[in-house]
Amino acid sequence: MMALLELKNLTVKIDNKKIINDLNLNIEKGEVYCLIGRNGTGKTTLANTLIGINKAKGSIIFKSKRINNLSITERAKNGLTLAWQKPVEIEGLTVAEYLKLGNKEMSEEKIGELLSSVGLECSEYSDRLLDDTLSGGERKRIELASIIGMRTDLVVLDEPDSGIDVLSLHLISNIIKKLKEQGTSVLLITHRDDIVKISDKAGIMCAGKIIREGKPKNIQDYFSKSCDVCGTVNEPRDDAV
C-alpha cells in the first residue's frame with residue numbers, strides 16, 4: 001500500500017541547531033499514528049515543518065507528491081491540516097460562523113453534530129462569539145470540531161490534551177474515532193503514554209528522530225519504563241534503536 005505521508009531523511013535546523021535529525025516516517029491512509037516523546041525532543045518542530053512553517057532538507061511526500069516547496073495554504077488545500085497546541089484566535093465570529101468557514105452551506109444540524117462530537121451543546125455554543133469569554137479548552141474543542149468538518153486527508157494533532165481545560169482521554173479517543181470513520185488519517189503527537197493506546201501504530205521520538213516503532217502497547221510499555229523515567233532528554237538508550 002502506498003503511504004499517504006512519507007518523510008525521507010528529514011532534517012530541520014533552527015538557529016543553526018539541528019532539531020530534526022534525518023527522520024523517516026510513513027503513515028498509511030486511514031491510519032492513526034501516535035508519536036510520543038518527552039518535551040524538547042522535536043515533536044512540535046516536526047508538526048510545524050509538516051504544514052510548511054519550517055524549511056527542511058530531505059523529502060516530505062504527501063499523496064505521492066513532494067510538497068517541500070508548497071506554502072501553508074497550498075498544503076492545507078491539498079488536505080494536510082494541523083490542530084495547534086494553542087487554539088487559533090479568530091475574534092468577531094460566532095462559533096457557527098467559524099465552523100462554516102470551509103462550507104458556507106453547512107446546515108444547523110451538521111453544526112450541532114460537529115459540536116456534539118467534541119462534547120459541546122449546540123444550543124449553548126452555536127451563537128457565542130469567539131472571544132475571551134471562551135476558555136482555552138473550549139476554543140480547542142471548537143477548533144477540533146472545525147477540523148472534523150473539513151474532512152481533510154491528514155490531520156496533525158499536536159498535544160491535543162494541552163490547554164487550560166485538559167481534554168479527557170475519552171474525548172480525544174472519540175474525536176479520533178470520528179476522524180477515522182470519515183477516512184482521515186491522524187498523526188497524534190503527545191508526551192502522555194496513556195494516549196498511545198488509541199492509535200494503530202506508534203513511535204518514540206528522541207534527539208530529533210524516531211528511535212523505535214511498533215504496536216501501541218509495546219511502545220507505551222517501553223516509553224513508560226525507559227523514556228518517561230529517563231534523567232536526560234535527547235540521549236537515546238542503546239536498546240532503543
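**Contacts and salt bridges in a predicted model**

Let's start at Asp132, which touches Glu91 and Arg139 when residues up to four places away in sequence are not counted (contact means heavy atoms within 4.5 Å). This is a predicted model, in which local features need pLDDT of at least 70 and side-chain atom pairs count only at pLDDT 80 or more, while totals for chains, interfaces and linings use all residues. Residues are numbered from 1 along each chain as its sequence is written, and side-chain values use heavy atoms, with hydrogens and water left out.

Asp132 sits in the loop between helix H5 (122–125) and helix H6 (136–150); helices (H or I, at least four residues) and strands (E, at least two) are DSSP runs, numbered from the N terminus. Its C-alpha atom is 8.8 Å from that of Glu91, 41 residues apart along the chain. Asp132 counts as exposed because its relative accessibility is 72% (buried is under 20% relative accessible area, exposed over 50%, partly exposed in between, with a 1.4 Å probe and protein chains only).

Now for the salt bridges: the structure holds ten, each a side-chain nitrogen of Lys or Arg within 4 Å of a carboxyl oxygen of Asp or Glu. One of them joins Lys43 and Glu159 at 3.9 Å, N to O. This pair links distant parts of the chain, 116 residues apart, with Lys43 in helix H1 (residues 43–50) and Glu159 in the loop between strand E7 (154–158) and helix H7 (169–181). Lys43 is buried at 5%, and Glu159 is buried at 5%.

Glu113 and Lys178 form another salt bridge, with their closest N and O atoms 3.3 Å apart. Glu113 lies in helix H4 (residues 108–117) and Lys178 in helix H7, so the pair ties together parts that are 65 residues apart in sequence. Salt bridges that share partners join Lys110, Glu113 and Lys178 into one network.
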